[in-house]
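I set down here what I looked up in this structure, entry by entry. The terms are defined where they are first used.

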Amino acid sequence: MINYEQKGDTVVVNGLNDFNIEQTLECGQCFRFFKVGELSYLIVALGRIINVSQAGNMITFSPMTVPDFENIWVRYFDLDKNYSEIKERLCKNDPIMQEAIAFADGIRILNQEPLECLVTFIISQNKQIPHIKQIVNNMSADYGEKIGEHFAFPTLDKLSSCNTEDFIRIKAGFRAKYIYDAAQKISSRFIDMEELTKMNTEKVKESLMMIKGVGPKVADCTMLFSFERREVFPVDVWVKRVMSHLYLGEQDVPLKEIHEFAKDKFGNYAGYAQQYLFHYARAKKIGSISSKFTPSLRK
């Protein structure tokens, strides 16, 4: 039960556990945010700009009305989920997960707009987060609607009217042709984003991978962060390292085996597990030369 109230143009939430705005935004699942203070962020999402600031378990959302908070942002920030229960299930008899969750126990999985999520993860391939953010901001500035001092992510109509050269100009590089293909296939309803919400997870993945440049990782990220498919387990270099080094005896394990292991071990909570492990592995540089493992966590 969320305890919140309207104060002027702000909604104040009190007593919210298992939420940290910095960990949630900085864990690699989204790219349209700007840090403006300690635990205070400007977020551009869903065609809106809001500020979210946190002091302990009190969070303020502004400008905000209670109806918008209830109808839009509770779902966006996954505030109606019991993360204490999720973390308890993941941590049971798993010291590795206990360590990963303790490192960033305030992460929540966002529920983003599907087109934006898909395009941003297409852009994310072989890119560092600052570069991803810059390309997405370039795209929004050139083709999105101005809102305040920033720009909304472009609409499907706008993206589908662009050509590959337009996306090259914003420095999307080889990904330009993939963004173009995604916009064309979705605009023509060759891939119907609304219909995807009604399909089972395997069918959604197959459909998304019909877009040029969309492989298993981009498809899984899109499903996890915008289709609420919490059972998927995206594997990138950091997740592969943490799984190989801490769960699978430091072997170079094929991706298929990692997915099978995650499915068996984490089940319907695999997506939550992935996000805690991804953030932990990246922050601790697990698998890199400079990393040091906690001996008690290694099998």
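**Terms and model.** I take a nonpolar core to be a set of buried Ala, Val, Leu, Ile, Met, Phe, Trp, Tyr and Cys residues joined through side-chain atoms within 4.5 Å. Buried means under 20% relative accessible area, exposed over 50%, and partly exposed in between, with a 1.4 Å probe and protein chains only. The model is predicted: local features need pLDDT of at least 70, side-chain atom pairs count only at pLDDT 80 or more, and totals for chains, interfaces and linings use all residues. Residues are numbered from 1 along each chain as its sequence is written, and side-chain values use heavy atoms, with hydrogens and water left out.

**Cores.** I looked up the largest nonpolar core, which has 74 residues; Met139, Phe233, Met243, Phe266 and Leu277 touch the most other members. Helix H15 (residues 270–284) gives the largest share of this core, eight residues. Helices (H or I, at least four residues) and strands (E, at least two) are DSSP runs, numbered from the N terminus. Another core, of 27 residues, lies apart from it, and includes Val13, Ile43, Val52 and Val66. For Met139, leaving out residues up to four places away in sequence, I found contacts (heavy atoms within 4.5 Å) with residues including Val119, Phe153, Leu159 and Ile179.

**Helix H11.** I listed the buried residues of H11 (residues 201–208): Thr201, Val204, Lys205, Ser207 and Leu208. Viewed down the axis of H11, they fall within an arc of 160°, so they line one face of the helix; the arc is that of the directions from the helix axis to the C-beta atoms. These buried residues pack against helix H10 (193–196) and helix H12 (216–226).

**Two lysines.** Is Lys185 buried or exposed? Lys185, in helix H9 (residues 176–187), counts as buried because its relative accessibility is 16%. Beyond four places in sequence, Lys185 touches Phe190, Ile191, Met210, Ile211 and Lys212. Lys265, in helix H14 (residues 255–266), has 36% relative accessibility and therefore counts as partly exposed. Neighbours within four places aside, Lys265 is in contact with Asp94 and Tyr247. From Lys265 to Ala281 I noted 16 residues in sequence and 18 Å in space, C-alpha to C-alpha.

**Whole protein.** I noted 15 helices and eight strands. Of the 299 residues, 53% count as buried. The C-alpha trace spans about 55 × 45 × 40 Å along its principal axes.
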